[in-house]
Amino acid sequence: MWRRPGQLRLHLAAAAGAAGRGARRRNPLPPVPTVPSSSSSATTTTTRDLAAFARGSSSSSRSLSDRAGGGECWSCGASGAFLSCGSCGSVQPVDPAVDYFRIFGLEREYTIKDNNLEGKYKDWQKKLHPDLVHSKSEKERAFAAEQSALVIDAYRTLSKPLSRALYLLQLEGIPIDEEKTITDPELLMEMMEIREAVNDASDSQTLEKIQSQIKRKLETWSHSFQEAFERRDFDRAVKATQRMRYYERAVEETIKKL
Ligand SMILES: [Zn+2]
């Protein structure tokens, strides 16, 4: 269960390169050519996030909180308070209308172009973590506990392709039977073959080879999901998630054995 987040971190670290944790220590940051920078102090979290955000989305370069909207702060009355207040820092009550994508300032779409999801997650946790607001009122501590849990859920859901796909379908009101049995004989056969190959594999090299084959299939179906979802062909999108689930489980099997 905990292997996947670990794997994800590795993956993110590799993919993010400049945007990850290491960037804070390795100063100065590598240049971000596509972002017109108004400030040279690229070391602050905010600026870095904005840079990553602007890189990831061509539609807007506004800040996370501007983009997300937000209401009036219960504590100081400032407008645009989202999760926590930009003016006084008070943690806000959970707004059920806020979806996971909004929390990270993302478009509601399958492909996440922002490779700094983990950084944004950590920034939210810095503002919301219950341990960090222990000196605040009981009311605000309760808000922080709820918001922190929400951000954890949001990060876990969006950072993995399958859960992200299922969440998008859920937001569209598409029902999904997660335990639907396989009836496609071709897929059944394939799954049996994969299982056998995993069972028979006696060394890590063979297992890694099998794993990368399954991952390629997972990617293919992930791509199918994206195409179908963009066309709003939800039947095909749901079918793609079923395939993704099988391949994801198969990958887990190889990880267990490795
Ligand atoms: Zn406030």
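## Terms and model

Two residues are in contact if their C-beta atoms, placed from the backbone, lie within 7 Å. Helices (H or I, at least four residues) and strands (E, at least two) are DSSP runs, numbered from the N terminus.

This is a predicted model, in which local features need pLDDT of at least 70 and side-chain atom pairs count only at pLDDT 80 or more, while totals for chains, interfaces and linings use all residues. Residues are numbered from 1 along each chain as its sequence is written.

## Overall make-up

The protein has 11 helices and 0 strands. Along the sequence, the pattern reads α-α-α-α-α-α-α-α-α-α-α.

Of the 258 residues, 28% count as buried. A residue is buried if 20 or more other C-beta atoms lie within 10 Å of its own, exposed if 12 or fewer, and partly exposed in between, with C-beta atoms placed from the backbone. Among contacts between residues at least 6 apart in sequence, 52% join residues at least 24 apart.

## Helix H10

Helix H10 has 27 residues. From its first C-alpha to its last, H10 reaches 38 Å, close to the 39 Å expected at 1.5 Å a residue. The expected span of a helix is 1.5 Å times one less than its number of residues.

Which residues of H10 are buried? They are Ile210, Gln211, Ile214, Leu218, Trp221, Ser222, Phe225, Ala228 and Phe229. These buried residues pack against H8, helix H9 (185–200) and H11. An α-helix has 3.6 residues a turn, so residues three or four places apart point the same way.

Two packed helices are described by the angle between their axes and the distance between the axes. Axes are lines fitted to C-alpha atoms, for helices over the stretch in contact, and angles run from 0 to 180 degrees between N-to-C directions. Angles under 35 degrees count as roughly parallel, over 145 as roughly antiparallel, 65 to 115 as roughly perpendicular and the rest as oblique.

The axes of H10 (residues 204–230) and H11 (residues 234–257) come within 8 Å and cross at roughly 160 degrees. H10 and H11 are therefore roughly antiparallel to each other. The crossing of H10 past H11 is left-handed; a crossing is left-handed if the near helix is turned anticlockwise from the far one by less than a right angle, and right-handed if clockwise. By class, this contact of H10 with H11 has 14 nonpolar, 5 polar and 6 charged residues. Ala, Val, Leu, Ile, Met, Phe, Trp, Tyr, Cys and Pro count as nonpolar, Asp, Glu, Lys and Arg as charged, and the others, Gly among them, as polar.

## H8 and its partners

H8 and H11 pack at an angle of about 155 degrees, with their axes 10 Å apart. That makes H8 roughly antiparallel to H11. H8 passes H11 in a left-handed crossing. On the H8 side, Pro161, Leu162, Ala165, Leu166 and Leu169 meet Phe234, Ala237, Val238, Thr241, Met244, Arg245 and Glu248 in H11. This contact of H8 with H11 has 9 nonpolar, 1 polar and 2 charged residues.

How do H7 and H8 lie, roughly parallel or roughly perpendicular? The axes of H7 (residues 138–159) and H8 (residues 161–171) come within 5 Å and cross at roughly 105 degrees, and H7 and H8 are therefore roughly perpendicular to each other. Arg156, Thr157 and Leu158 of H7 make the contact with Ser163, Arg164 and Tyr167 of H8. By class, the contact of H7 with H8 has 2 nonpolar, 2 polar and 2 charged residues.

## Two positive phi angles

Leucine 83 is not a glycine, yet has a positive phi of about 65 degrees. Leucine 83 lies in the loop between helix H4 (64–68) and helix H5 (100–103). Leucine 83 is buried, because 26 other C-beta atoms lie within 10 Å.

Arginine 232 is not a glycine either, and has a positive phi of about 60 degrees. Arginine 232 lies in the loop between H10 and H11. With 9 other C-beta atoms within 10 Å, arginine 232 is exposed.

## Two residues in helices

Phenylalanine 234 lies in helix H11 and counts as partly exposed, with 17 C-beta neighbours inside 10 Å. Not counting residues up to four places away in sequence, phenylalanine 234 touches Leu169, Glu172 and Ile174. Phenylalanine 234 and isoleucine 174 are 60 residues apart in sequence and 7.5 Å apart in space, C-alpha to C-alpha.

Lysine 120 is found in helix H6 (residues 117–128). Lysine 120 counts as buried, with 23 C-beta neighbours inside 10 Å. From lysine 120 to phenylalanine 104 is 16 residues in sequence and 6.6 Å in space, C-alpha to C-alpha.
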